[in-house]
Amino acid sequence: MGYNQAYNAYKNTNIRTASQGHLIVLLYEGAVRQLTAAADMFDSANAIKARDIEKFNNCLQKAQAIITELQVSLDMDRGGEIAKNLMSLYIFFNNELMSANINRDKKKVDFVLSMLTELSDAWRQAASSTANAPAATVANSLNIEG
């Protein structure tokens, strides 16, 4: 088995066996990775070279798809005010990224990247704190089933 095959097998196993909290963290990390790649395509004049426009578009679309996945994973019945606030944020993020894609706006990409990084850190902390909690506590703490 080659290196790439082994890495892909490891990555797939990691995803299939992850807890709900860890899956959310993985989604956030994927969005952050895509937005970081998009932000890195801007030059010192905040412009994107013509050869990178398609890659920029693809990165933003992947980030938007991940944010949409986070949206549909919200449990609006049990999530209360937090779920409503997250839904509003996710809608806002997707709108900002659509605008950033159309206008090639680095400030919008950086803003959404900053916010997603903060949320990712918070989810990482929440997921790690529930990993050591008793099973009865964990069952009600994180639910990404839509």
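1. The largest nonpolar core comprises 31 residues. Such a core is a set of buried Ala, Val, Leu, Ile, Met, Phe, Trp, Tyr and Cys residues joined through side-chain atoms within 4.5 Å; buried denotes under 20% relative accessible area, exposed over 50%, and partly exposed in between (1.4 Å probe, protein chains only). Those with the most contacts inside the core are Tyr-28, Leu-35, Phe-56, Leu-60, Tyr-90, Val-109 and Leu-116. At least two residues of this core come from each of helix 2 (20-39), helix 3 (53-72), helix 4 (76-103) and helix 5 (106-131), and the largest share, 8 residues, is that of helix 2. Helices here are DSSP runs (H or I, at least four residues), numbered from the N terminus.

2. On provenance, this is a predicted model, in which local features need pLDDT of at least 70 and side-chain atom pairs count only at pLDDT 80 or more, while totals for chains, interfaces and linings use all residues. Residues are numbered from 1 along each chain as its sequence is written, and side-chain values use heavy atoms, with hydrogens and water left out.

3. Not counting residues up to four places away in sequence, Leu-35 touches Leu-60, Ala-63, Leu-97, Val-109, Val-112, Leu-113 and Leu-116, contact meaning heavy atoms within 4.5 Å.

4. The aromatic pairs number 3. Rings of Phe, Tyr and Trp (its six-membered ring) pair if their centres lie within 6.5 Å; planes under 30 degrees apart are stacked, over 60 edge-to-face, and the rest tilted. The Phe-42 and Phe-56 rings, with centres 5.4 Å apart and planes at 85°, are therefore edge-to-face. Because Phe-42 lies in the loop between helix 2 and helix 3 and Phe-56 in helix 3, the pair ties together parts that are 14 residues apart in sequence. Phe-42 is buried at 8% relative accessibility, as is Phe-56 at 0%.

5. Phe-92 and Phe-93 form a tilted pair, 6.3 Å centre to centre with 55° between the planes. Phe-92 is partly exposed at 35% relative accessibility, whereas Phe-93 is buried at 0%. Ring pairs link Phe-92, Phe-93 and Phe-111 into a cluster.

6. Helix 3 and helix 4 pack at about 165°, their axes 10 Å apart; axes are lines fitted to C-alpha atoms over the stretch in contact, and angles run from 0 to 180 degrees between N-to-C directions. The two helices are thus roughly antiparallel, a class for angles over 145 degrees.

Key
Angles under 35 degrees count as roughly parallel, over 145 as roughly antiparallel, 65 to 115 as roughly perpendicular and the rest as oblique.
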